[in-house]
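Let's take a friendly walk through this model together. Have the sequence and the 3D view at hand as you read.

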Amino acid sequence: TTPSGSSSGQVSGTSEVQQGARGINTPTLDELLDNVTTTQWFRLGLKLGLTQDELEIIESDRRLDASEALMKVLRKWLRQSENPTWRAVVQAMRAVGEVRKASSLEDKFY
């Protein structure tokens, strides 16, 4: 992602205007927790731009189950990202193989 928030891998023929303004909105932690589900929280964190070191710290807390680890990942991403958007979440979900869930998020938030 460039500093302007655009992706170098933009789908051809699809402009941000066509995709709708909602995809560029910043999700709240509550919205994320209500709508993002995956057991692949570590890989999702990497795709959202968290470092391996940050994710290993979360992973080292053996008391956490997958949903609690995902919450920590999403909270850290919201705090650290310069441009946390639903579009970034959808792209990350697709990148970890959660295509159906990504499409559902896209339908709901774009």
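Glu-54 is found in helix 4; helices here are DSSP runs of H or I with at least four residues, numbered from the N terminus. Before going further, please note that this is a predicted model, in which local features need pLDDT of at least 70 and side-chain atom pairs count only at pLDDT 80 or more, while totals for chains, interfaces and linings use all residues. Residues are numbered from 1 along each chain as its sequence is written, and side-chain values use heavy atoms, with hydrogens and water left out.

Is Glu-54 buried or exposed? With a relative accessibility of 17%, Glu-54 counts as buried, a word that means under 20% relative accessible area, against over 50% for exposed and partly exposed in between (1.4 Å probe, protein chains only).

| From | To | Distance |
|---|---|---|
| Glu-54 side chain | Thr-51 backbone nitrogen | 2.8 Å |
| Glu-54 C-alpha | Phe-42 C-alpha | 9.8 Å |

Leaving aside residues up to four places away in sequence, Glu-54 touches Lys-76 and Gln-80, where contact means heavy atoms within 4.5 Å.

## Helix 5

Buried in helix 5 are Ala-69, Leu-70, Val-73, Leu-74, Trp-77 and Leu-78. An α-helix has 3.6 residues a turn, so residues three or four places apart point the same way. The cover over the buried residues of helix 5 includes helix 2 (29-35), helix 3, helix 4 and helix 6.

## The nonpolar core

A nonpolar core is a set of buried Ala, Val, Leu, Ile, Met, Phe, Trp, Tyr and Cys residues joined through side-chain atoms within 4.5 Å. In the largest one, which has 25 residues, those touching the most other members are Leu-32, Val-36, Trp-41, Leu-44, Trp-86, Val-89 and Leu-105. At least two residues of this core come from each of helix 3 (41-47), helix 4 (52-60), helix 5 (66-80), helix 6 and helix 7 (99-109). Helix 5 gives the most, with six residues.

Val-36 is worth a click: not counting residues up to four places away in sequence, its contacts include Leu-70, Leu-74, Trp-86 and Met-93.

Conventions: A polar contact is a pair of N or O atoms within 3.5 Å; within protein, one must be able to donate a hydrogen and the other to accept it, and residues adjacent in sequence count only if both atoms are side-chain atoms.
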